Amino acid sequence: MVYYPNDIALETNMNLELKKINLQGIEFFQQKMVESFSSGVMERFGNIDAAPIPPDDDLSQSLKRANTDLWAIMLDGVPAGATVISKDAAMGKYSLDLLF
C-alpha cells in the first residue's frame, strides 16, 4: 500500500487491464462518462440545466476517426472507466483522445 498526501491510499497489488470494446458496448460507457463528467460539474458549479456533459456526440465523433478504438479500463475485473485511443499509422504514434 502506498500513501499519498491527504491520506489517500493506493493499493499496489491491483489488477489493471484494458479491454477493447466493440461498438455494441458503447452505450454503457457513454452513460458512465456523462455521469462522471456531470457529477464533477455539479459538484463545482451546482445543478445546471444543460445538455449532457460532454455532449452525446463527443464519443461518437472520436470513434469515427480512422484507427481509433474504445478501451474499457478494468480494475480487478470491474469496469473503472474507459479511454479512446487513436493511432497515427504514418507516425507510429498513439494519442489519448478521451479518458474517464
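**Ground rules.** I'm working with a predicted model, so I note that local features need pLDDT of at least 70, side-chain atom pairs count only at pLDDT 80 or more, and totals for chains, interfaces and linings use all residues. Residues are numbered from 1 along each chain as its sequence is written, and side-chain values use heavy atoms, with hydrogens and water left out.

**Layout.** I looked up the secondary structure and got two helices and six strands for the protein chain. These are DSSP runs numbered from the N terminus: helices are H or I with at least four residues, strands are E with at least two. From the N terminus on, I read the order as β-β-β-α-α-β-β-β.

**Burial.** Of the 100 residues in the protein chain, 23% are buried (under 20% relative accessible area, 1.4 Å probe, protein chains only).

Leaving out residues up to four places away in sequence, Phe29 touches Ile21, Ala72, Pro79, Gly81, Ala82 and Phe100 (contact means heavy atoms within 4.5 Å).

Strands β5 (residues 78–88) and β6 (residues 93–99) run antiparallel, joined by six bridges; strands pair if DSSP finds at least two bridges between them. I found Lys87 bridged to Tyr94 in β6. Four residues sit between the strands of this hairpin, and Gly92 takes a positive phi near 70 degrees.

Conventions. Buried means under 20% relative accessible area, exposed over 50%, partly exposed in between (1.4 Å probe, protein chains only).
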